[in-house]
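Biologist: Can you walk me through this model? Start wherever you like.

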Amino acid sequence: MLATVGWFARRLYEATEQLRKDVHQIEVDLPKHYVQKDEFNDNLKEVKEMLGKIFDKLDGKVDKHP
């Protein structure tokens, strides 16, 4: 019985250590694969500003005949 509990405890410890390593690897790899929210928002703001300028120019080019 004691051997079974020891085996189970060892397996639980190994699984916990592997999970720790996996989580650490995710923390390391995450910034390489995904854009940070602030950076995304800044870029999106620039795109919206450019689109606004384009729409303003298009509105100025539209013939305003009734």
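Modeller: Let's start with one residue. Leucine 44 is partly exposed, because its relative accessibility is 32%. The classes are: buried under 20% relative accessible area, exposed over 50%, partly exposed in between, with a 1.4 Å probe and protein chains only.

Biologist: Where does leucine 44 sit?

Modeller: Leucine 44 lies in helix α2. Helices here are DSSP runs of H or I with at least four residues, strands are E runs of at least two, and numbering goes from the N terminus.

Biologist: Before we go on, what are the ground rules?

Modeller: This is a predicted model, where local features need pLDDT of at least 70, side-chain atom pairs count only at pLDDT 80 or more, and totals for chains, interfaces and linings use all residues. Residues are numbered from 1 along each chain as its sequence is written, and side-chain values use heavy atoms, with hydrogens and water left out.

Biologist: OK. Which residues form the nonpolar patch on the surface?

Modeller: Val35, Phe40, Leu44, Val47, Met50, Leu51, Ile54, Phe55 and Leu58. Together they have about 830 Å² of accessible area. Areas come from the Shrake-Rupley method with a 1.4 Å probe, and for residues only the protein chains shown count as cover.

Biologist: What counts as a patch?

Modeller: Patch residues have over 30% relative accessible area and no salt bridge. Like charges are joined within 9 Å, and nonpolar side chains (Val, Leu, Ile, Met, Phe, Trp, Tyr) within 5 Å.

Biologist: And which residues form the negative surface patch?

Modeller: Asp38, Glu39, Asp42, Glu46 and Glu49. Asp and Glu count as negative, Lys and Arg as positive; His and the chain ends are not counted. Aspartate 38 is in helix α2, which covers residues 37-61. Aspartate 38 counts as exposed because its relative accessible area is 56%.

Biologist: Switching topic. How many salt bridges does the structure hold?

Modeller: Three. A salt bridge needs a side-chain nitrogen of Lys or Arg within 4 Å of a carboxyl oxygen of Asp or Glu.

Biologist: What does arginine 10 pair with?

Modeller: Arginine 10 bridges to glutamate 14, with the closest N and O atoms 3.2 Å apart. They are four residues apart in helix α1 (residues 2-33), so about one helical turn separates them. Arginine 10 is partly exposed at 48% relative accessibility. Glutamate 14 is also partly exposed, at 34%.

Biologist: What about arginine 11?

Modeller: Arginine 11 forms a salt bridge with glutamate 14 too; the closest N and O atoms are 3.8 Å apart. Arginine 11 is partly exposed, at 46% relative accessible area.

Biologist: Which residue bridges to arginine 20?

Modeller: Glutamate 17, with closest N and O atoms 3.7 Å apart. Both lie in helix α1, three residues apart, about one turn of the helix. Arginine 20 is exposed at 55% relative accessible area, whereas glutamate 17 is partly exposed at 25%.

Biologist: Which residues do shared partners join into one network?

Modeller: Arg10, Arg11 and Glu14.

Biologist: How far is lysine 21 from glutamate 46?

Modeller: In space 38 Å, C-alpha to C-alpha; in sequence 25 residues. Lysine 21 is in helix α1 and counts as exposed at 54% relative accessibility.

Biologist: Zooming out, how many helices and strands does the protein have?

Modeller: Two helices and zero strands. The radius of gyration is 28 Å, well over the 11 Å that the globule rule gives for 66 residues, so the protein is more spread out than a compact globule. That radius is taken over C-alpha atoms, and the rule is 2.2 Å times the number of residues to the power 0.38. The C-alpha atoms fill a box of roughly 95 × 25 × 15 Å along the principal axes.

Biologist: What share of the residues is buried?

Modeller: Buried residues make up 0% of the 66. The accessible surface is about 6900 Å², and 61% of that belongs to carbon and sulfur atoms.

Technical notes: Charge placed at Lys NZ, Arg CZ, Asp CG, Glu CD.
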